[in-house]
Amino acid sequence: CERQDGRPFRQRLLVVANRLPVSAVRRGEDSWSLEMSAGGLVTALLGVKEFEARWIGWAGVNVPDEIGQKALSKALAEKRCIPVFLDEEIVHQYYNGYCNNILWPLFHYLGLPQEDRLATTRSFQSQFAAYKKANQMFADVVNAHYEEGAVVWCHDYHLMYLPECLKKYNSKMKVGWFLHTPFPSSEIHRMLPSRSELLRSVLAADLVGFHTYDYARHFVSACTRILGLEGTPEGVEDQGKLTRVAAFPIGIDSERFIHALKLPQVQEHIKELKERFAGRKVMLGVDRLDMIKGIPQKILAFEKFLEDNPSWRDKVVLLQIAVPTRTDVPEYQKLTSQVHEIVGRINGRFGTLTAVPIHHLDRSLDFHALCALYAVTDVALVTSLRDGMNLVSYEFVACQEAKKGVLILSEFAGAAQSLGAGAILVNPWNITEVAASIGQALNMPAEEREKRHHHNFKHVTTHTAQEWAETFVSELNDTVVEAQLRTSK
Ligand code: ADQ
C-alpha cells in the first residue's frame, strides 16, 4: 500500500493511555528532562513500530504554569508525545482514588475499599466525578489532534469513559479500547456503583479488546446481565449497533531481548553475575511492587522451600527486583514495609556471615541489566494473584535460549493461557504447592527443561507486540468498514 509521494502507507495512530511512556522531571522554569517509565503497557507499545503513532497521556507531574506547560509540550513533541495536564486535585481523586483505589483492586478480585464505609459513598461519588472529568480532558486533547483516517486506540481501565466522550465529539472517529488488566467476572463487576455507566461508555467504542477469551466473555456477560443487552459471538448488540468484543493476547518485542544478549556490555554483566552467584542456583522475581503481584506469597513460599529442604539452603538464592509504584497510595506503602519485614526475617533466619538467601531491591533496573539477570536465572517465579497477562514471564523466556531455565507461573496470570504448557503452573495462594514447585523446577532434568522452554520460546517469538498491535488495528479498521456496510444496506 503506497501514498502519493511513493512512501509506504503507515496507519496513523493516536495511542491514548493514562501515562506517557516517559516521565518528566523539571530542571528549570522552562527546561525538562524525560525518563523512560517501567511497566507492561510501555514495554508492549514500544514494540509497535509499523505505525505513524503519537502518544497522548499524562506526563506524571503537575505543571500549573503556562511557561512550564509550553516547554514540556515542546520537549515531548520530539518523542511524538502529547501531554494531558492534570492538576493535583484531579490526580488525587481520579488517579490515586478512582483508578488505583477502586477499579484496580476490583478488577483484580481484591474487592472495594473496606475502611470508612459510611464515607465511601461520598468519596466514591466525588472520585467518579473526577474520573469522568479527567477522561473528558483526555478527550479534548485527542479531539484537538485527531485527523480524519487516524485510529484512536484507548488503553486501560483509567480511560473507560473516554470512548463515549470521543464519539460525542465525532461519531465517525474510529475508536478502539483495550484493557491491560483482567476483566473480572460479572459478579465482581456488578459491585461497582458506576457499573452501568462504565460499560455503556466502553460499548461506544467500535472494538473492545482483552488479553484472554475469558476476560472478553466476562465483559459480554456483564453487558448482558447488568445492561440487559444481547451478547452475540461477535460482541454486544444494542438496538442494532454491534460493538465487537474479542481477545488480543499481547506479546513483547522478543527480538530486542535476543539482540541485547549479544551486546558486549550485557555479556560483561552476565559474566559478573555468574561469578557473583557461582555454586548457587539463581531464582528471580521481577515485579512492580504491587499487591496483585503476590510478592509476599512468593517470598513465603521460598521460605517454606528452605525450611523443607535444608540441603538447598546454601545452594540457591532468590533475587527479587521490585520497582516501587503508586508510592502515594497508603496500601502500597504498607506493602513495601510488609515485604521488607518478611525478607529481613528470612535472611536473619537462613543467612550466614557470607551469604543471604534473598536479595531484594526496591528499584527499577536498566534494560541491559535486566536482560543479563534473565539470562543467568535458573528459575523465574511469577506468583501474581491476578494479572492481565504478565510480560515478565515472556521476557524471561526470550532470554533463556542458552540456559533453558524453568518458569513457575501463577495460574491467575493471563500468560498461563499462552505459556501454561511450558511452565509449571501454580496457585500462588497455596504456599506449600509453590514451595514444592520450586523443588520440582530446581531438580528438573535437562531434557524436560528443554522441551518446556522450546514450547514457550516459540510462542514468545511468534506472538509479538508488533503482531498484537497490527491485529488489533486491522480488526478495528475491518469492524468500522463492516458497520458502515451494515448501515448502508
Ligand atoms: P504490569 O503490571 O506493569 O503491566 P507486566 O506485564 O509484567 O506487568 O510488565 C512489567 C514490565 O515492567 C516489564 O516489561 C518489566 O520488564 C518491567 N519491570 C518490572 N519491574 C521492573 C524492574 N524492577 N526494573 C525494570 N523493569 C521492570 C500491565 C498488566 C499486565 C499486562 C501488561 C501489558 O498488569 O498484566 O501484561 O500491563 O498489557
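Entry 1: I am working with a predicted model. I began in β7, where Val175 is the bridge partner of Val152. I counted five bridges between β6 and β7, and the two strands run parallel. Between them comes helix α5, and I noted that β6, α5 and β7 form a β-α-β unit of the right-handed kind. Helix α5 (residues 162-169) lies across β1 (12-19), β6 (151-155) and β7, and I have its direction relative to β7 at about 175 degrees.

**Entry 2: the other neighbour of β6.** I then turned to β1, which pairs with β6 in the parallel sense over four bridges. Here Val16 has Cys154 in β6 as its bridge partner.

**Entry 3: how covered is β6?** I asked which residues of β6 are buried on each side. Val151, Trp153 and His155 are buried on one face, and Val152 and Cys154 are buried on the other. Five of the five residues of β6 are buried, so I wrote this strand down as largely enclosed by the rest of the structure.

Entry 4: Next I traced the strand order and found an open sheet of nine strands, β5-β4-β1-β6-β7-β8-β11-β10-β9, with mixed pairing. Its edge strands are β5 (81-83) and β9 (230-231), each of which pairs on one side only. I also checked β7 (residues 174-178) against β8 (residues 207-210): they pair in the parallel sense, over three bridges. Gly176 is opposite Leu207 of β8 there.

**Entry 5: the core.** Which residues touch the most other members of the largest nonpolar core? Among its 145 residues, I listed Val15, Val16, Val152, Phe219 and Ile408. Helix α3 (residues 88-107) gives the most to this core, with nine residues.

**Entry 6: over to β12.** Strand β12 (residues 281-289) is mostly covered, with seven of its nine residues buried. Met283 stands opposite Leu318 in β13. The chain gets from β12 to β13 through helix α11 (residues 295-308), and I noted this β-α-β crossover as right-handed. β12 is also joined to β15 (residues 379-382) by two bridges, again running parallel. In that pairing I found Leu284 opposite Ala380 of β15.

**Entry 7: two helices.** While at α11 I looked at how this helix packs on α16 (residues 431-442): the angle is about 65 degrees and the axes are 8 Å apart. The crossing of α11 and α16 is right-handed. The residues of α11 that meet α16 include Leu300, Phe302 and Phe305, and those they meet in α16 include Val434, Ala435 and Ile438.

**Entry 8: one last residue.** Is Ala375 buried or exposed? I have Ala375 in helix α13 (residues 367-376). Ala375 is buried because 24 other C-beta atoms lie within 10 Å, and the cut-off for buried is 20 or more. Apart from neighbours within four places in sequence, Ala375 is in contact with Leu261, Ile270, Cys399, Ala402 and Lys403. I also took its separation from Cys154: 221 residues in sequence, and 34 Å in space from C-alpha to C-alpha.

Definitions and conventions
Residues are numbered from 1 along each chain as its sequence is written. This is a predicted model: local features need pLDDT of at least 70, side-chain atom pairs count only at pLDDT 80 or more; totals for chains, interfaces and linings use all residues. A residue is buried if 20 or more other C-beta atoms lie within 10 Å of its own, exposed if 12 or fewer, and partly exposed in between; C-beta atoms are placed from the backbone. Two strands pair if DSSP finds at least two bridges between them. A crossover is right-handed if, with the strands pointing away from the viewer, the path from the first strand over the helix to the second runs clockwise. Two residues are in contact if their C-beta atoms, placed from the backbone, lie within 7 Å. Axes are lines fitted to C-alpha atoms, for helices over the stretch in contact, and angles run from 0 to 180 degrees between N-to-C directions. A nonpolar core is a set of buried Ala, Val, Leu, Ile, Met, Phe, Trp, Tyr and Cys residues joined through C-beta atoms within 7 Å. A crossing is left-handed if the near helix is turned anticlockwise from the far one by less than a right angle, and right-handed if clockwise.
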